[in-house]
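Here is a short report for a first look at this structure. Keep the sequence and the 3D view open while reading.

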Amino acid sequence: MSEDNEKKLDRRKFIARAGKAAISLAAAGTVAYLVYDSKGPGPSTGVEEIVTLPDFTVSPQAGQTISIVKGPDRVKTVDKAIGLLGGIERFVKPGETVAIKPNVAFASPPMLGATANPELVAEVVRLCYSRGGAKKVYVTDNPINDPASCFRLSGIGKAASEANAEVVMPKDNLFKHTTLSGGRLIKDWPIFYEPFKNIDKLIGIAPVKDHHRSGASMSMKNWYGLLGGRRNIFHQDINTIIAELAMMVRPTLVILDGTTVMMTNGPTGGSASDLKRANTLIASCDMVAADSYGCSLLGLAVADLPYLAKAEKAGAGTTNYETLKPKFATVS
Amino acid sequence: MKIVQTRRTSQIFFFTLFVWFCIVSTVGEKFWQIRGWPINWFLQLDPLVAIGTILTTKTLYRALLWALVTVCLTIILGRFFCSWVCPFGSLHHFVGYLGSREKTTAQKIQLNKYRKAQCIKYIILVFFLAMAAFPSIAVTLQTGLLDPIPLITRSFNLVLLPIVDRTVNVASAMGRFYERAWLILAIFFTAVFLNLLIPRFYCRFICPLGALFGILGRFAIWRIGKNKSECINCKLCEKYCEGGCEPSGNIRISECVLCFNCRDDCKDEIISYQTQISSPGEITDPDISRRAFVLSLASGILAVPAVRLGNKLGANWYHKAIRPPGALAEEEFLSRCLKCGQCMRVCPTNVIQPGGIDGGLENLWTPVLNNRIGSSGCQLNCTACGQVCPTSAIRPITLSEKLGTGEFAEVGPIRLGTAFVDRNRCLPWAMDKPCIVCQENCPLSPKAIYTEEIFNTVREGTLTVKKATEKKIETVEETLVLGRFSTGDYYCTSEGGEGLKIAANTKNLIELTPDKKNGKIPAEGSIIEVKVRLQRPLIDIEKCIGCGVCEHECPVSGKKAIRVSAEGETRNADSRLLLKS
Amino acid sequence: MASAGRRAKVLESAISICLLALLFVTGVGIFIKQYNSDMSRFGIGTVTTVQPLQELQVISEEKPDLSSFVPAEFESLSETEVYQPVTLYEKINGKAPLYIEAGFEELSTKRFVDKNDESLWMELFVYDMGNVRNAFSVYSIQRRADADILSLFHTSFGYRTSNALYFVHSNYYVELVGSSESDELFKALIEVAQKIRSDLPVDDKTRIAELGFFPTENLVLESIKLYLANAFGFEGLTDTFTAKYNIEGETVTAFLSKRSEPKDAKMVVENYYNFLIDNGGVVKQAVNKVFEGKVMDFYGTTEIVFAVGQFVAGVHEAENQQAAEKAADILTNKLNNVMSNE
């Protein structure tokens, strides 16, 4: 190789290197320009993506908003109650996906009535599949005790699976932060969101229970299960949080089970003697109305539960369920 | 004028400047106090700080833009920072020189040869950057543990300066104390003394910043190299080679720290700083295998969930990590805090302390308030820590934001935590001894500590009257301790009568204060009781901001009877105690 | 070759000089930068390491400017501090309830120092008590026993001690406290007092009628006190004035309190009587009386309580029953006069 060639090669190498250096400089400058932050972080940055739950309600039909069915057999009463509102076909269309949110708060056996009745849950799942033509039904809750134990011991896990529903247990990555517009308490708070993100319809199933802090736990209080984080802080203002839950969650249908009612020692109960048979089951598109009727099973008046009035004021429904012309029936 | 001489001047200049910045980091307006001295300048010039925070936060905070200057100069010139600017590098350089002074030329050449282990620093760099780079897994900024600038800043400010200043008291009127300074000291001196083994041990084997410069400088326009191939191979160029970069053979550009000693030592003037590559050829890439790279990357990524196994960012959050006012929410805080110690250095009350590992490994050397150290908790009217934080892990808040006044009235004050009274240790609660030190010292207005008044009969305070007048009661018992009841906190009650304040007592005589005399004179032989008036402290958790003054002042000096814990801190919504209404 | 070497050396020197110049510029830049400081960023101004806790004060601007009352040779020694009922205890600690119970609204306080002698300084306390009765109440209850009456005021609501002045001006209770007993300083205090009296706006309702209802004969000067509530430990005695009388060598405390209706007065008398009896009082026979009321022995002292029209009146804790009854008689006569004049 001649010296000339060598020099040329050197020169070419140098130009290549200088080019790369120039590109590096440009890249460093560009990155610095793009990420430059003259202000610095604010008091609370890094807020996760804020989401809101979809509205799952169906269009109202006069006189078919709430039904109250008497009878000891939940399978029969729930069939009847939904039937009176126009049947499950009105709520679930073929090919739709449905989430059912039973109250699975505690790892306690079905007989204690602290959780939703498994047969009732299974029957609703079956209705969704057989008559509603649902493509997929999910059963989900974010219980207070360990979720796996709750679903197992309450019998709901097994009953739901046997009816072909998919049980969705809470996991960290299923929670998203939400802020309720017009809300005071639900602000940038994690809620159990993912299972409800892509579904078409939402059905709540809750037993009627005495509740130490709020007076009564029924279909509105059932949505407490959607709250994540250190949610017990909300017990400081239980009436507002229940009312805000009623604003945040707009279910297709709620089923309030007063077949047996936990009259005392709620919400956990613990003894069969806490229960009383009331043989009543309510299906309603209006949670406030359902709970306003439901509280009478506990011997309470609407005025005893301030969250009812609050929810009504917030537009979540009416406490004056009579105006909805409830359909009554009895099945034995 | 020789370039190596200029290099030494530059090193002395920057080292002195660095020490000066450490000295002036005291709040005040004298020229040797903080004023407008850019005390964070070295941290801002440090591109590892900038790149680390860009990875964790996707932003480049204000003056960290200085790092762009360093980066650009490195891309053009090579690793100049290490031998010209870095105060830690200069220290190593000097100590390494002292350590090898007595050695023969051959030994020196041997000491400064290239070693395979020099790739360790790249592994460290990749490991730390991997910890910072993958938000889908979780990120944490740990570069500051080994980044030389935060390391030397921390070591000088929290260890050396307090030791030296104890004798002269320039940087602070009172001695400064830092918990766990021993560990900082141990690491610092280990790094310094390793130079006696191999010069610039830290720079060659450990320094992640050096590694970063090594990578950034690979396309440098000018580089050290031989300008012709005729070389007698005397290896004198390696006698004082600071980088251990083999200038005698195929020079390793990524290891060369531009000390220019090789050029100076080459008798034949073969070595120069030039645009063409060294005539025998050069090695630009760091000597790190693909396997080592992947391994360090993977372990860095997995290290974050690993250090977080303690769930210190979740339900098991560390309530003793009381962060300075303006600190970001914990996860964001950890993605910015360099552990440089500037906040701890500047804090006028010395209450900000380097944290330990009880709060998780990530908590190490991060700022945590210890109200038992320092002059008085977190001073109400001070915002110094946020002003000096180079990365805004502690935001530069204003006083009105801190106190929740003016435009921040609606948001309310910044709370660091909440004070809790330990009723098992508190003098009036547990021992029936009067004390309201915490209430008196609460700096808030209205105070967050209030008291409940109670009168309790003292031990052996049930006495029988021997003789009584309006002002004096003589007792049958002669067991009272002289003067014990004369503090104004003790009252004497007779059956059916009102409590009268005791003015003085001897062993069997109680003298009542004259200002009130509507009690009746107890009959001879009747029973009187000596009661102590207690004002038991209670906390108004809606008012308490967790400044820790009460804890600092509490006379129960060991485990304080009133202690601040981070519950209720405003920066983390999850640790709040109350719903905001 | 040699020339190339020399050229390299020259270049080396040139670069070195450039770099040194760069260092110099950096140093200068940093030196200039340090002048550019905004200490307010640190929130503590010029404060260095250790500093006593600063209390939080609201500086209110529409309040009377205390500096305007002070003679020209005095200058500010501290900022004006303003305290509201919630913060008052920060300034006067345990004495705060006394003021707050008496309707305290706001305290403005400030220190001034003599420009020529820094040992001479004074502190002004201007308590806005809402109305003159409240102001008089806190003034009268705290009045020092060894006080000299201030003759410079037309009203008698002022006195001096060796280093301080205390007086009521309209709804304000003012304390002017000097740092020493120097005459010079005291003169300045008097000046401040006069200035306050002439400059501070006066509320119209400055007259306290009850002060004129006490008979002046044998009255111990400046002994009238006003208890707004809980006089003598009895809840029912609100708005009660007490005055000391010197009768036959004995000091007797007389009191009166006006009600809106005579029947209210009667009821208070009855309740107070029962209160005393319940607490160990024993009914005593009056020796020689004009007043129509109750006389009691209360642990060796004499208590008298009676009603005259709208007035509740009486004598409290008299050592001597005769003197007590005499005082009660004098007070009865006076009150009867007052009634007939009204």
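What share of the contacts in chain C with a separation of 6 or more comes from residues 24 or more positions apart? Such residues account for 60% of those contacts. The model is a predicted one.

## Chain C at a glance

Chain C has 342 residues, and 46% of them count as buried. The chain holds seven helices and 15 strands.

## Where the two domains of chain C meet

Domain 1 of chain C brings 13 residues to the contact, and domain 2 of chain C brings twelve. The size of an interface is often given as the accessible area lost when the parts come together. Between domain 1 and domain 2 of chain C, about 1,100 Å² is buried. Carbon and sulfur atoms give 55% of that area.

Two salt bridges link domain 1 of chain C to domain 2 of chain C. Arg133(C) and Glu210(C) form a salt bridge through their side chains, with N to O at 2.9 Å. Four residue pairs are in polar contact across this domain interface of chain C, both residues being at pLDDT 80 or more. On the domain 1 side, helix H4 of chain C, residues 132-142, gives the most, with seven residues. By class, that side of domain 1 of chain C has six nonpolar, five polar and two charged residues.

## Which chains touch

Two pairs of chains are in contact, and chains B and C share the most contacts. Chain A and chain C do not touch. The nearest C-alpha atoms of chains A and C are 15 Å apart.

## Chain C against chain B

How many residues of each chain take part here? Chain C puts 40 residues in contact with 49 residues of chain B. The buried area between chain C and chain B is about 4,100 Å². Of this, 63% comes from carbon and sulfur atoms.

Chain C and chain B share two salt bridges. Lys9(C) pairs with Glu269(B) in a salt bridge, and their closest N and O atoms are 3.8 Å apart. Seven residue pairs between chain C and chain B are in polar contact, both residues at pLDDT 80 or more. Two helices of chain C, H1 (2-35) and H2 (88-92), each supply at least two residues to the side that touches chain B. H1(C) provides the largest share of that side, 16 residues. The side of chain C that touches chain B divides into 19 nonpolar, 14 polar and seven charged residues.

## Chain B against chain A

The buried area between chain B and chain A is about 2,700 Å². Carbon and sulfur atoms give 64% of it. The count of salt bridges between chain B and chain A is zero. Polar contacts do occur: seven residue pairs cross the interface of chain B and chain A, both residues at pLDDT 80 or more.

H4(B) gives the most, with five residues. That side of chain B has 17 nonpolar, six polar and eleven charged residues.

## An enclosed helix in chain A

Why is helix H8 of chain A, residues 238-248, described as largely enclosed by the rest of the structure? Ten of the eleven residues of H8(A) are buried, so the rest of the structure largely encloses this helix. Buried here means under 20% relative accessible area.

The buried residues of H8(A) include Ile238(A), Ile241(A), Ile242(A), Leu245(A) and Met248(A). Asn239(A), Thr240(A) and Glu244(A) are also among the buried residues of H8(A). What do the buried residues of H8(A) pack against? They pack against two strands of chain A, E7 (175-178) and E8 (189-192). They also pack against two helices of chain A, H9 (287-297) and H10 (306-313).

Notes. Residues are numbered from 1 along each chain as its sequence is written. Chains are lettered from A and ligands numbered from 1 in the order in which they are written. This is a predicted model: local features need pLDDT of at least 70, side-chain atom pairs count only at pLDDT 80 or more; totals for chains, interfaces and linings use all residues. Side-chain values use heavy atoms; hydrogens and water are left out. Contact means heavy atoms within 4.5 Å. Buried means under 20% relative accessible area, exposed over 50%, partly exposed in between (1.4 Å probe, protein chains only). Helices (H or I, at least four residues) and strands (E, at least two) are DSSP runs, numbered from the N terminus. Buried area is the accessible area (1.4 Å probe) that two parts lose on being put together, summed over both. A salt bridge is a side-chain nitrogen of Lys or Arg within 4 Å of a carboxyl oxygen of Asp or Glu. A polar contact is a pair of N or O atoms within 3.5 Å; within protein, one must be able to donate a hydrogen and the other to accept it, and residues adjacent in sequence count only if both atoms are side-chain atoms. Ala, Val, Leu, Ile, Met, Phe, Trp, Tyr, Cys and Pro count as nonpolar, Asp, Glu, Lys and Arg as charged, and the others, Gly among them, as polar.
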